[in-house]
Amino acid sequence: MSAISSHRVDGSAIAAGQLPLGLRYQAFAPLLVASVVIAAAYGTSFLLPDYMQALGKDSEVAGAIISRATAAIILCCFLAGWMAQRVGIMPTVTGASLAMALAMLLLAGAGLDERAAYAGGMLVGVGWSVSFILLPLQIIRHLRPAARLQYLTILSGSQMAGLGLATPFGHLLARCTGSMSVVYALFATACVIAALCLEASRRAMVNMPTMPMPHIEITAACTVALLRKCTAVPIAMITVAACIFSGLSTYQSAYAASRHLNSDLFFLVFTAASVALRFSVALAIGRVPVHRLALTLMLATGASLVLFLVNTGSTSLYITATAIFAVGYGLSYATLNGMAVNLADGQGLSVPVTSQMFSLAYFLGLFGFPLLGGQLIRGSGPDVMLLTLLGATATNAVLAIASRKYCHKVPLTLRKELAHAD
């Protein structure tokens, strides 16, 4: 039996160039709603320090719960594809949403038994990582390569909205209900609704054309093959970009204190600008050559870091630097993800394995850099860390320039695809 027929989950398996340039509203809208809810549920981890304090627990308890979530995220980077290979992408994501619902219930019961919170923390990591890794695959497999960046940008915008809204919305619900436990119970209900939305999306996609994905599970052979090819370039770039974001956000309080600024401004401006940008430019972003877009984003990131460095205490300059950083970093994930999977597609490599390795590289940079960043802050102060991040940005700019010779071989931009369709 051929790979296409044996691994076809739904729809008609066809070549990537024959796939549609868009998704029906009935299929994409429920998926976006679910992505917002799951991201918001993960975002409630930012409420844990306040929650544990309200329960009379030590602050170290919140850190231990978050550490378990982080460990589960890294582990599930390897297991998500294994599960999707056997039961399908959307059923696996639906299961992740239900795991997140259970996690919220366990956290809600933390006041009764502290062990429930630790189990809940692990399930938070499972639910978030599996959905974060596999939802892009569900979009990629139904779209022509030139249209992927547009939809991946919208998906990342919805996830950022969920993450950004979780803390203020959670605090609002806590004030209204008088209990953080009730807040987590409400998020559990929302995650069940998200699972229903994912099932509705899956049903709407049943008869849609689909790209064959015979190798979803991460294997050593597939990993070595893609790292030997030009797909290694965007994977390396997202690792560096994640380090930049992790360093700037994790130690933003230390930076703001050194300039007598309010670090809350950074997170508010960054979240608002990132979400607005991703939704506003999604329709046009696929029309720009991807290597040129990547270089522009790296240059914007570098410019923002320079502004952070030269700022001696100006709030307006702080907001400006943050907004520019939101432009530079905010579009990087979807751009580089689209570059990676389209390069893999054009060279006959496994698209789903490439996308999953891309996510793993992102998580490694995100969670790994604070170890180095903490040493830089303690030993030399925030300015040295910013200079380090600026050097990392320069590295990414060089990689973006080097990617030009590869990217001219990837599928046409959306503009050219639309012209051909006409």
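Close-up 1. Phe-363 is buried, at a relative accessible area of 1%, where buried means under 20% relative accessible area, exposed over 50% and partly exposed in between (1.4 Å probe, protein chains only). Phe-367 is partly exposed, at 27%. Both residues lie in helix 16, four residues apart, about one turn of the helix; helices (H or I, at least four residues) are DSSP runs numbered from the N terminus. The model is predicted: local features need pLDDT of at least 70, side-chain atom pairs count only at pLDDT 80 or more, and totals for chains, interfaces and linings use all residues. Residues are numbered from 1 along each chain as its sequence is written, and side-chain values use heavy atoms, with hydrogens and water left out.

Close-up 2. The structure holds 24 aromatic pairs. Rings of Phe, Tyr and Trp (its six-membered ring) pair if their centres lie within 6.5 Å; planes under 30 degrees apart count as stacked, over 60 as edge-to-face and the rest as tilted. Tyr-333 and Tyr-362 are edge-to-face because their ring centres are 5.0 Å apart and their planes stand at 75°. This pair links distant parts of the chain, with Tyr-333 in helix 15 (residues 332-346) and Tyr-362 in helix 16 (residues 351-380), 29 residues apart. Tyr-333 and Tyr-362 are both buried. The pair of Phe-363 and Phe-367 is stacked, with 5.9 Å from centre to centre and 10° between the planes.

**Close-up 3. An aromatic cluster that includes Phe-245.** One cluster is formed by Phe-245, Tyr-255, Phe-266, Phe-267, Phe-270, Phe-308, Tyr-318, Phe-325 and Tyr-329.

**Close-up 4. The largest pocket.** About 1,600 Å³ of space lies in this pocket. A pocket is an open set of points on a 1 Å grid over the protein atoms alone, where a 1.4 Å probe fits, with protein on both sides within 12 Å along at least five of seven lines; lining residues have an atom within 4 Å of a point. The lining has 48 residues, and Tyr-42, Phe-46, Leu-163, Phe-245 and Ser-249 lie nearest the centre. Helix 7 (residues 145-177) gives the most to the lining, with eleven residues.

**Close-up 5. Cysteines without a disulfide.** A disulfide is a pair of cysteine sulfur atoms within 2.5 Å, and the count by this rule is zero. The sulfur of Cys-77 is 7.7 Å from the closest cysteine sulfur, in Cys-76, too far for a bond. Cys-77 is buried at 0% relative accessibility. For Cys-197, the closest cysteine sulfur is in Cys-191, 11 Å away and too far for a bond. Cys-197 is buried, at a relative accessible area of 16%.

How values were computed. Grid points are joined across faces, edges and corners, and a volume is the space filled by probe spheres set on the points. Helices (H or I, at least four residues) and strands (E, at least two) are DSSP runs, numbered from the N terminus.
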